[in-house]
Amino acid sequence: MKKLLFLIVVCLTYGCTQDAYDKGEGAYSLMRGDFAEANVNSNREVISITTDEGETLPLQTYHTAKWIARPDTIYRCMLYYNKVKTNDGKPMAEVISLGRVHCLQVTPLSKFEDYKDDPVKFESIWKSKSGKYLNLHLQLKTGYTEDTTAIQKLAFVSDGVIPHPDGRRTLSVRLHHDQGGVPEYYSTQAYLSIPTVDLLVDSVCFYLNTYSGGVVKTLPVK
């Protein structure tokens with residue numbers, strides 16, 4: 001049985017100079033972009049994707065990537081593709097690009113060492129149409145350095161549950177961001193997801209520190 005792979009901390013290297021989520025233009029004008037689950041076979045190949053709208057599409061050609069480390073796994077991803085048809089008229093996906101979306105669990109602040117809230121640029125936050133994920137879109141400052149120990153780190157930490165008079169419960173979540181000595185020359189996009197199956201509350205209140213000050217956003221879980 002396949003298991004959904006969760007990562008606790010995201011490490012973004014200083015050497016990134018391209019946005020893996022750029023759509024492109026021209027020949028790709030009909031290209032679609034969807035958040036999805038990538039279904040990986042025993043050879044570490046993506047054989048199909050299930051979009052956040054609940055549509056499962058086989059791939060026209062099996063897809064591989066360096067970040068696919070485990071076989072028989074489901075990875076969270078951002079997929080740009082053309083929707084084409086098989087010979088018998090069934091829909092399938094012709095992959096243009098497939099980028100990883102890091103899927104994080106929430107760690108209690110009391111068990112988290114060295115919490116930091118270095119600023120990020122906030123873009124958007126939303127709940128997937130499937131209801132399975134809460135998603136966060138950020139921009140991170142980065143740049144080239146010869147220091148190989150310079151690594152950015154991201155994680156979600158919780159400082160408790162807020163009870164309400166009507167019995168509802170809200171999980172208070174903070175974004176941990178350690179700039180880690182990475183220069184802040186230009187911006188690169190980052191997408192994070194939290195599986196709602198692990199959230200035994202009615203809503204989540206997010207706090208993150210941005211270059212313009214603190215941002216607080218609340219999303220329903222149920």
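# A walk through the strands, cores and salt bridges

Let us begin with a pair of strands: β11, covering residues 133-142, and β14, covering residues 186-195, run antiparallel and are joined by 10 bridges. To find one of these bridges in the structure, look for tyrosine 133, whose partner in β14 is proline 195. Keep in mind as you look that this is a predicted model. The average pLDDT of the protein chain is 86, and 87% of the residues score at least 70. Residues 1-28 need some caution, as their pLDDT is below 50. In the model, this stretch still has 77 contacts beyond near neighbours in sequence.

Now step back to see the sheet around that pair. Strands of a sheet pair through backbone hydrogen bonds, and they can do so in a parallel or an antiparallel way. Here, four strands make an open sheet in the order β8-β14-β11-β10, and the pairing is mixed. Which strands form the edges? They are β8 (102-103) and β10 (121-127), each of which pairs on one side only.

Next, turn to β12, which spans residues 151-163 and pairs with β9 (residues 106-108) in the parallel sense over three bridges. Along this pairing, threonine 107 faces valine 157 of β12. β12 also pairs with β13 (residues 169-178), this time in the antiparallel sense and over 10 bridges. Isoleucine 162 is found opposite threonine 170 in β13. Together β12 and β13 make a hairpin, with five residues between the two strands. Look in its turn for glycine 167, which has a positive phi of about 95 degrees.

With the strands in view, what lies between their side chains? The largest nonpolar core contains 23 residues, and those with the most contacts inside it include Leu138, Phe156, Leu175, Leu192 and Phe206. Two or more residues come from each of β11, β12, β13, β14, β15 (203-210) and β16 (213-220). The greatest contribution is that of β11, which gives four residues. A second, separate core has 15 residues, among them Ala36, Ile68, Tyr81 and Ala93.

Charged side chains come next. The whole structure holds 11 salt bridges. One of them brings together lysine 132 and glutamate 37, with 2.9 Å from N to O. Lysine 132 sits in the loop between β10 and β11, while glutamate 37 is in strand β3 (residues 32-40), so this pair links distant parts of the chain, 95 residues apart. Are the two partners buried or exposed? Lysine 132 is partly exposed, at 42% relative accessible area, whereas glutamate 37 counts as buried because its 9% relative accessibility is under 20%.

Another salt bridge joins aspartate 178 and lysine 116, whose closest N and O atoms are 3.7 Å apart. Aspartate 178 belongs to strand β13 and lysine 116 to the loop between β9 and β10, so the pair ties together parts that are 62 residues apart in sequence. Aspartate 178 is buried, with a relative accessible area of 15%, and lysine 116 is partly exposed at 30%.

The side chains of arginine 174 and aspartate 159 meet at 3.0 Å, N to O. Since arginine 174 lies in β13 and aspartate 159 in β12, the pair ties together parts that are 15 residues apart in sequence. Arginine 174 is partly exposed at 26% relative accessibility, and aspartate 159 is partly exposed at 38%. Elsewhere, salt bridges with shared partners connect Asp114, Lys116 and Asp178 in one network.

Finally, look at the cysteines. A disulfide is a covalent bond between the sulfur atoms of two cysteines. How many disulfides does the structure hold? The number is zero. Cysteine 103 is buried, at 4% relative accessibility, and cysteine 205 is buried as well, with a relative accessible area of 18%.

Note on methods:
Residues are numbered from 1 along each chain as its sequence is written. This is a predicted model: local features need pLDDT of at least 70, side-chain atom pairs count only at pLDDT 80 or more; totals for chains, interfaces and linings use all residues. Side-chain values use heavy atoms; hydrogens and water are left out. Two strands pair if DSSP finds at least two bridges between them. A nonpolar core is a set of buried Ala, Val, Leu, Ile, Met, Phe, Trp, Tyr and Cys residues joined through side-chain atoms within 4.5 Å. Buried means under 20% relative accessible area, exposed over 50%, partly exposed in between (1.4 Å probe, protein chains only). pLDDT is the predictor's confidence in each residue, from 0 to 100. Contact means heavy atoms within 4.5 Å. A salt bridge is a side-chain nitrogen of Lys or Arg within 4 Å of a carboxyl oxygen of Asp or Glu. A disulfide is a pair of cysteine sulfur atoms within 2.5 Å.
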